[in-house]
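Q: Can you walk me through this one? Keep it quick.

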Amino acid sequence: MIRSSDQTVGPKTNSGARVSRWKLRSGFVPIYVPFLFLIPALILLLSFRYIPAVSAIFHSFTYWNIPEPGEFIGLENYQALFDDPIFIKSLGNILKYMVGRTALVLVMAFVGAELVYNLSSDRWRNIWRMVFTIPMVIPITVNLLVWQQVYAGRQGMLNEFLTGIGAMARPYPWLGRPDTALPALIFIGFPAVAGFGFLIILAALQNLSSEVNDAALIDGCSRFRRVFSIDLPAIRGPLALILILSLNQGMQEFAPMLVMTQGGPINTTMSPAYYLYIQGFTYGKHGYASAIGTVLMLMTLVLSIFILRMRYRRAYDVAV
Amino acid sequence: MSQSSAWRRDWPLMLALLILAIITYVPFVFTVINSFKINAQFFQQFWLPTLPLHPENYVRAWPAMGRAIFNSFTYSIPTLVLTLIISGLAGYAFARYRFPGRNILFVAILALIMIPGILLVIPMFSVIIALDWGDTLQGVVLPWVSVEIVFGTFLMRTFFETLPQEYFEAARLDGASEFTLLIRIAVPLAIPAFSTLAILDLLFSWNDIIWPLVAIFDSGRLPVSIGVLSFAGQYGTDYGVTFASYVIASLPLIIIFAFTSRRFMDGLSGGLSI
């Protein structure tokens, strides 16, 4: 963290030879300058992130129906929450979804990035990178609606394909049955190569020094072995970033449930975030919804800290 | 390496990539093909294009979708401008200055990534109601900007730290003010990073469902992300028109991306890590 050359902020003093040399090298900057640059960000974050976060935690202990002020009821919301079978069910659902989705996205992004990285032609590398970037800019709701059509019981792509090749006798309503609805949501966008993770991993691989690879090649390391013994450990920083972003996103998943299943059938795709939305904005139980959100935040926090600790345990990062 | 030996080495990789790409694109190609059919054609021929084409599906989808696209731009452009300015300033402050509380402040901002956006929707809704900001531009834009500047500050700081200190030293010796350094040296060099942030920001503001759903009551002001949803709800049984609305909703960002993709890629090529 500490770099010697860019120490530019300091108290303004007029005396001392050391100080004047300093001044010559980099010039003094009044201490308020960085804060001036930070003010707009801090004002916005305070009003729309920090204060609402505190407010949400506070209101989780109240009976609250906006625009009425909250009425303090202690732990009642939390007691009701952990007696609420739908909420408990949604926790189990989201754990399955989060783990399944993250595993799929992480593995496929890595596989896709390695395939592209190992090509010997720069031109084709750029072409494939573009091919797997374009789907990223399709609006999420459109993507979900298209995938609703993929899974649809009637006129669904998956059914037409499977019955067409003779793998299935009759069409199956993938989103309409309790046993397949959640897995169907996990596999949205299959093969899930195209995405932010793919771009980050590919960029990280392309920034690896070629000398290490050449040395490994000379030592008789196979390309396949190199992927696991060199590439994978070397890019654990970006991988940890994607892991955290993906798990956090999974934990808060909301859109697929809202667009495709409305939490059904029989709550098998109910997620805590979507349940929060229903409790807050369909039933107007804003205190109860805040309690759901607070539990969700605690789970996210624990998870993120756990990943960060795993990532920095016994890790010494080689500068790449 | 000669052309043919490169092919001999690469063909399994190319084949694997081709298969992945085909599976990725089939649902979208299917949507485009079927957006030109009427229901009778769709029921008769599922996968392949049929004649005659029915471009009037697009004419029917356009009024609602065009309005939603217009609405999305009115929210997205101010969000974009504010996000770039505010993230640029904050990222620059973290990258180029040392000041008391710098690390704590940065960690405090990054920690916001871990707070579920949906948790904040409820108290923010109460603020919007209290200020009577429902259905207003600022009621949509300012909360969006506050979400985006968290990652934006992270991205811009990472980029500004890679700029060589010597550029700034030289200009300082010539008597340039701190603000001049930012505007004349840092910003022009950071165009790729700004482009990356711009695309990510556009993606976010085009895709967010939850906040517009909460903060906008007038259905005539809804952005594309929800507009396409309610349109599909109304025309769901008319497959061609519904598919046409999906294509219309996707086009603006694809067109914008086509013109900015190179800079977007350049901005990400430095890599991101924790």
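A: Two residues are in contact if their C-beta atoms, placed from the backbone, lie within 7 Å. This is a predicted model, where local features need pLDDT of at least 70, side-chain atom pairs count only at pLDDT 80 or more, and totals for chains, interfaces and linings use all residues. Residues are numbered from 1 along each chain as its sequence is written, while chains are lettered from A and ligands numbered from 1 in the order in which they are written.

Q: How many residues of chain A are in contact with chain B?

A: 86 residues of chain A, against 76 residues of chain B. Helix α2 (residues 32-59) of chain A gives the largest share of the chain A side, 15 residues. Helices (H or I, at least four residues) and strands (E, at least two) are DSSP runs, numbered from the N terminus.

Q: What do the residues on that side of chain A divide into?

A: 57 nonpolar, 25 polar and four charged. Here Ala, Val, Leu, Ile, Met, Phe, Trp, Tyr, Cys and Pro count as nonpolar, Asp, Glu, Lys and Arg as charged, and the others, Gly among them, as polar.

Q: Which residues have the most contacts inside the largest nonpolar core?

A: I201(A), I292(A) and V228(B), in a core of 162 residues. Such a core is a set of buried Ala, Val, Leu, Ile, Met, Phe, Trp, Tyr and Cys residues joined through C-beta atoms within 7 Å. Buried means 20 or more other C-beta atoms within 10 Å of the residue's own, exposed means 12 or fewer, and partly exposed is in between; C-beta atoms are placed from the backbone. Among the neighbours that V228(B) touches are P139(A), V142(A) and L145(A) from chain A, plus M65(B) and Y246(B) from chain B.

Q: Switching to chain B. How many helices and strands?

A: Twelve helices and zero strands. Its radius of gyration, taken over C-alpha atoms, is 23 Å, well over the 19 Å that the globule rule gives for 274 residues, so chain B is more spread out than a compact globule. That rule is 2.2 Å times the number of residues to the power 0.38. Buried residues make up 46% of chain B.

Q: Where does α6(B) bend?

A: At I149(B), by about 35°. The bend is the angle between axes fitted to the seven residues ending there and the seven starting there. Of the 25 residues in α6(B), 21 are buried, so this helix is largely enclosed by the rest of the structure.

Q: And α14(A), how many of its residues are buried?

A: Eight of eleven, so α14(A) is largely enclosed too. Its cover includes α4 (85-117), α13 (255-261) and α15 (286-312) of chain A, together with α5 (117-131) of chain B. G284(A) follows α14(A) and has a positive phi, near 65°.

Q: What about phi at A192(A) and I266(A)?

A: Phi is positive at A192(A), near 60°, and at I266(A), near 35°. Most residues other than glycine have a negative phi.

Q: Are those two buried or exposed?

A: A192(A) is buried, with 22 C-beta neighbours inside 10 Å. I266(A) is exposed, with 10. I266(A) sits in the loop between α13 and α14 of chain A.

Definitions and conventions. Lists of a residue's contacts leave out its neighbours within four places in sequence.
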